Amino acid sequence: MFLRKLVVIVLPLVMAALLCLVLPLVAGIPFWTEAIKGLALGLVLALLLPLCGAVKKREPFSGLLWVPLTFFIVAVISQYLAVIGIELPLLSMLKTGDSNVILVECAFIGFLVVQLIRTRK
């Protein structure tokens, strides 16, 4: 039971980290860059909940999706604060400024919010 809860919390963070590492690698291909990014993002988001085990309409552990959602929201806010010139020492490790990373984080935020609403108890 603990392992399943851990998978629901950690897997979205790991998948987003892997996607953030892969997307900058395809930046040099002229036309196919956006297509490859879109395909990779769609593939990861489509696999996110089945790999977490949340495939039913009412999932008992779907309430734990707020943990990675909170992390992504804090990461995006800290990057925004860094862009406008406000430095927070505790959150300085989360700023990247890379548009691919912000794209992935915001996509995961949107997807997790929809899934939290869809599978609420």
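**Ground rules.** I number residues from 1 along each chain as its sequence is written, and side-chain values use heavy atoms, with hydrogens and water left out. Since the model is predicted, local features need pLDDT of at least 70 and side-chain atom pairs count only at pLDDT 80 or more, while totals for chains, interfaces and linings use all residues.

**Aromatic rings.** How many aromatic pairs are there in the whole structure? My search turned up two. I paired rings of Phe, Tyr and Trp (its six-membered ring) if their centres lie within 6.5 Å, calling planes under 30 degrees apart stacked, over 60 edge-to-face and the rest tilted. Phe71 and Phe72 make an edge-to-face pair, at 6.0 Å centre to centre with 65° between the planes. Phe72 and Phe108 have ring centres 5.5 Å apart and planes at 45°, so I logged that pair as tilted. Phe72 sits in helix α3 (residues 66-83) and Phe108 in helix α4 (residues 99-118), so this pair ties together parts 36 residues apart in sequence. Helices here are DSSP runs (H or I, at least four residues), numbered from the N terminus. Phe71, Phe72 and Phe108 form one aromatic cluster.

Next I looked up burial (buried is under 20% relative accessible area, exposed over 50%, partly exposed in between; 1.4 Å probe, protein chains only). Phe108 is buried at 0%, Phe72 is buried at 3%, and Phe71 is partly exposed at 39%.

**Nonpolar core.** I took a core as buried Ala, Val, Leu, Ile, Met, Phe, Trp, Tyr and Cys residues joined through side-chain atoms within 4.5 Å. The largest one has 21 residues, and Leu19, Phe72, Val104, Phe108 and Leu112 have the most contacts inside it. Helices α1, α2 (32-52), α3 and α4 each give two or more residues to this core. Which element gives the largest share? That is α4, with six residues. Leaving out residues up to four places away in sequence, Leu112 touches Leu48, Leu65, Pro68, Leu69 and Phe72 (contact: heavy atoms within 4.5 Å).

**Surface patch.** Phe2, Leu3, Leu6, Val7, Val10, Val14, Leu18, Leu21 and Val22 form a nonpolar patch on the surface, with about 830 Å² of accessible area together (Shrake-Rupley, 1.4 Å probe). Patch residues have over 30% relative accessible area and no salt bridge, with nonpolar side chains (Val, Leu, Ile, Met, Phe, Trp, Tyr) joined within 5 Å. A salt bridge puts a side-chain nitrogen of Lys or Arg within 4 Å of a carboxyl oxygen of Asp or Glu. Leu6 lies in helix α1 (residues 2-22) and is partly exposed at 35%.

Key. Patches are made of residues with over 30% relative accessible area and no salt bridge: like charges are joined within 9 Å, nonpolar side chains (Val, Leu, Ile, Met, Phe, Trp, Tyr) within 5 Å.
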